[in-house]
Amino acid sequence: MSSTVMVIPIFLLFLFFALVVPVLVGVYVYRDAKARGMDAVLWTIIAVLAPSLIGLIVYLVVRSSNNTRRCAQCGAQVSAEFASCPYCGAQLRNCCPNCKQAVEAGWRNCPHCGAQLPEMQELYTQPPKNKLPVWLLAVIIAVPVLILLMFLGLAIFNFARF
Ligand SMILES: [Zn+2]
Ligand SMILES: [Zn+2]
């Protein structure tokens with residue numbers, strides 16, 4: 001009887017890493033890769049199928065060197081350095097009206113020519129933040145800890161009975 005109860009936490013732990021983690025990682029990688037103009041389907045498959053978060057780590061490493069985006073107007077893959085889309089001509093970055101160099105929204109003066117900049121809008125093509133979301137880290141860390149605590153609780157409970 002007692003040994004069957006002890007199997008439950010191990011089973012839950014297995015279920016968590018075999019099912020819950022791949023689904024969470026898959027959802028995160030799919031959304032993130034899509035926002036960056038990376039191959040969302042390919043990266044989701046890699047992240048989900050690679051064992052124990054290796055796929056996620058590989059994705060994060062590749063992502064840090066990736067600088068392609070999707071044009072908000074035509075959907076073409078473009079470099080993050082482009083100021084306008086080579087396929088449809090849509091503006092991809094704010095640029096200085098004086099020297100035409102790329103500038104960021106919120107800058108008051110152009111760092112290239114010193115001209116004063118008008119109020120700029122944050123464009124859709126700004127890259128998403130390079131951070132893992134807190135909820136993903138919290139779930140991956142908190143759930144195994146809870147299951148291990150449950151395991152410990154069961155062990156103590158069984159030990160106290162004898
Ligand atoms: Zn375009
Ligand atoms: Zn300028």
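Q: How many helices and strands does the secondary structure of the chain come to?

A: The secondary structure comes to 4 helices and 2 strands, where helices (H or I, at least four residues) and strands (E, at least two) are DSSP runs numbered from the N terminus. Along the sequence, the pattern reads α-α-α-β-β-α. This is a predicted model, in which local features need pLDDT of at least 70 and side-chain atom pairs count only at pLDDT 80 or more, while totals for chains, interfaces and linings use all residues. Residues are numbered from 1 along each chain as its sequence is written, and chains are lettered from A and ligands numbered from 1 in the order in which they are written.

Q: What does the domain assignment of the chain give?

A: Domain bounds come from an automatic or database domain assignment, and for this chain the assignment gives domain 1 (1–72 + 131–162) and domain 2 (73–123). The centres of the two domains, taken over C-alpha atoms, are separated by 38 Å. Two residues are in contact if their C-beta atoms, placed from the backbone, lie within 7 Å, and 7 residues of domain 1 are in contact with 14 residues of domain 2.

Q: What percentage of the residues in the chain is buried?

A: A residue is buried if 20 or more other C-beta atoms lie within 10 Å of its own, exposed if 12 or fewer, and partly exposed in between, with C-beta atoms placed from the backbone. Buried residues make up 14% of the 162 residues in this chain.

Q: Which residues form the largest nonpolar core?

A: A nonpolar core is a set of buried Ala, Val, Leu, Ile, Met, Phe, Trp, Tyr and Cys residues joined through C-beta atoms within 7 Å. The largest one here has 8 residues, namely Val21, Val25, Val29, Ala33, Trp43, Ala47, Leu56 and Tyr59. Two or more residues come from each of helix H1 (2–35), helix H2 (40–49) and helix H3 (54–65), and H1 gives the most, with 4 residues. Leaving aside neighbours within four places in sequence, Val25 is in contact with Ala47, Val48 and Leu56.

Q: Which residues of H2 are buried, and which are exposed on the other side?

A: In H2, Trp43, Thr44 and Ala47 are buried. Seen down the axis of H2, the buried residues fall within an arc of 105° (the arc of the directions from the helix axis to the C-beta atoms), so they line one face of the helix. On the other side of H2, Val41, Leu42 and Leu49 are exposed.

Q: Where is Asn98, and why does Asn98 count as partly exposed?

A: Asn98 has its place in the loop between E2 and H4, and it counts as partly exposed because 13 other C-beta atoms lie within 10 Å. Leaving aside neighbours within four places in sequence, Asn98 is in contact with Cys110, Cys113 and Ala115.

Q: Is Pro118 buried or exposed?

A: Pro118, in the loop between strand E2 (77–79) and helix H4 (134–161), is exposed, with 9 other C-beta atoms within 10 Å.
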